[in-house]
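These are my notes from going through one model.

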Amino acid sequence: DDKTAQQASALPDDVNLDDVADATTFRPPFPDHGRIIRVRVLEVRPPSKAVVIGRDGQWLDLARVEGGSSAAMLGPLNVTRRNGGWSITDMKGYSTAIDPNDAVTVSLADAGATSSEWIELHEGADGAARLYPGTLRLVARQDLQADAFDIMNDVLLESYVPGVLAGELYRTWSEQTFAAQAVAARSFACTEAAVFAARRHYDVTNTAASQMYLGAVNHETAQLAVAQTRGQVLGYDGLLVSGYYSSCCGGLAASAVDAIGSNPVNNVAPLQGRSGGDVCTSAPVFQWAAEQPLEAFSRRLVAFGKDRGMKPLSEFTRLVSIEVIGVNANGRPTRMAVTDQARTRVELSAENLRRAANFTGQGLPPPEKPPKSSNLSGNVGERSVPFEGFGLGHGVGLCQYGAEALARDGQAFDAILRWYYPGADIVAAYG
């Protein structure tokens, strides 16, 4: 199952970057060999079918996260929440009493057996199975919706990264691209784990809201890349550097401060972007065009302004102009200004203009041709707003298509990383 590199993440469009921007006032240290990554792999929201965990005849251990009683149950397990409590039943109809507010872990009773290394997870009795290393942790989300819950995969870092590589890169891409991506993905995950350790019950998701993760995978190139780079992360001035990446930078790098947020994690030299043009010119998403009806785009600006608490934008009328008013040191747009018929002029980041153009809240449908990056310009016509742009994603850090171009030109993974994270060290945090 080849990933489309068009969904490269760490961090992408649909994550609330303000959460990341405000989350920390420190830069994390390097990880150790026992680093656990808490990946949210499923959001269960009523009405929904029961989630099925485990294979036929597979013994599973259930335990309360905070300690206390545990029970061995015979898979598959049917899991749901009803009337504010857990309902977990095994294949023989046996159920165990669990406090409604407890988080529950599910692990293999015999994790040492080769045939039982991974836990199956099905969304619904007929849902497709995905395999996960480590344990599954179930957390009630009554703060969001009655009988809702999340499922996390708590997994060792080195077992996590192969599933990211399989989700983020084309299977046919070069080994050195996979190795560079492994270091970036490991660095990103460890940064998120440090930032969100005490703030929420997961570190990352398994989607483009963090980075793609397919669980346990049979992918030789991914496994080799992880083994080749085991324990290696990006560093600067003795601390961890987040390995942000996107599908294609469109030839000009973004800085993390501009595109993601001005906090200590992002305000380091390796995340300010390399100067000069990039090597991703052959990418199918290097250059693109998009167009939206003028009325629809004007409504998106208003809805986005309301969602983000931007009062002048929330009171916007019909759009009359878009202009680039700021670029970074690499020449990539960073600031835009929009003006309406009432001559109200609002300045916003280029990333926020792109998010506004793609906004789907408040009953707005997705645009037919969404702008793919903040490396863009827009003109206002009589009835439509045509955009022209370059690249796909936020443009910070590693450019996946560019990394593949460098690898095919004979560059090793460490040279690729130094190209995209200028001044960064490649640190063997553990071996």
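**Entry 1: proline 162**

Proline 162 sits in helix H2, residues 157-168; helices (H or I, at least four residues) and strands (E, at least two) are DSSP runs numbered from the N terminus.

Which residues touch proline 162, leaving aside its neighbours within four places in sequence? I found Val217, Ala222, Gln223 and Val226 in contact with proline 162, where contact means heavy atoms within 4.5 Å.

I also took one distance. Proline 162 and leucine 376 lie 214 residues apart in sequence, and their C-alpha atoms are 33 Å apart in space.

On conventions, I note that residues are numbered from 1 along each chain as its sequence is written, and that side-chain values use heavy atoms, with hydrogens and water left out. As the model is predicted, local features need pLDDT of at least 70 and side-chain atom pairs count only at pLDDT 80 or more, while totals for chains, interfaces and linings use all residues.

**Entry 2: H2 against H4**

Next I checked the packing of H2 on helix H4, residues 220-228. The angle is about 135° and the axes are 9 Å apart; axes are lines fitted to C-alpha atoms, for helices over the stretch in contact, and angles run from 0 to 180 degrees between N-to-C directions. That angle makes H2 oblique to H4 (under 35 degrees is roughly parallel, over 145 roughly antiparallel, 65 to 115 roughly perpendicular, and the rest oblique).

H2 passes H4 in a right-handed crossing; a crossing is right-handed if the near helix is turned clockwise from the far one by less than a right angle, and left-handed if anticlockwise. From H2, the contact uses Glu158, Val161, Pro162 and Leu165, and from H4 it uses Ala222, Gln223, Ala225 and Val226. I sorted the residues of this contact into 6 nonpolar, 1 polar and 1 charged. For that sorting, Ala, Val, Leu, Ile, Met, Phe, Trp, Tyr, Cys and Pro count as nonpolar, Asp, Glu, Lys and Arg as charged, and the others, Gly among them, as polar.

**Entry 3: H3 against H10**

How do helix H3 (residues 175-195) and helix H10 (residues 413-420) pack? I read an angle of about 55°, with the axes 8 Å apart. H3 and H10 are therefore oblique to each other, and their crossing is right-handed. On the H3 side, Gln176, Ala179, Ala180 and Val183 meet Phe413, Ile416 and Leu417 of H10. By class, the contact of H3 with H10 has 6 nonpolar, 1 polar and no charged residues.

**Entry 4: H9**

I then asked how many residues of helix H9 (residues 400-408) are buried. The count is 7 of its 9 residues, and H9 is mostly covered. The buried ones are Gln400, Tyr401, Gly402, Ala403, Glu404, Leu406 and Ala407. Their cover includes H2, H3 and H10, along with strand S15 (245-246) and strand S22 (398-399). After H9 comes glycine 410, with a positive phi near 100°.

I listed two cis peptide bonds. One joins proline 46 and proline 47, with omega about -5°; proline 47 is in the loop between strand S1 (36-44) and strand S2 (51-53). Another joins glycine 75 and proline 76, with omega about 0°; proline 76 is in the loop between strand S4 (70-74) and strand S5 (77-82).

Aspartate 147 has a phi of about 70° and lies in the loop between strand S10 (135-140) and strand S11 (149-156). Glutamine 362 has a phi near 55° and lies in the loop between helix H8 (350-357) and strand S20 (376-378). Are these two buried or exposed? Aspartate 147 is buried, at 18% relative accessible area, whereas glutamine 362 is exposed, at 51%.

**Entry 5: whole chain**

Last, I noted the totals. The protein chain has 10 helices and 23 strands, and 56% of its 431 residues are buried.

Note on methods: Buried means under 20% relative accessible area, exposed over 50%, partly exposed in between (1.4 Å probe, protein chains only).
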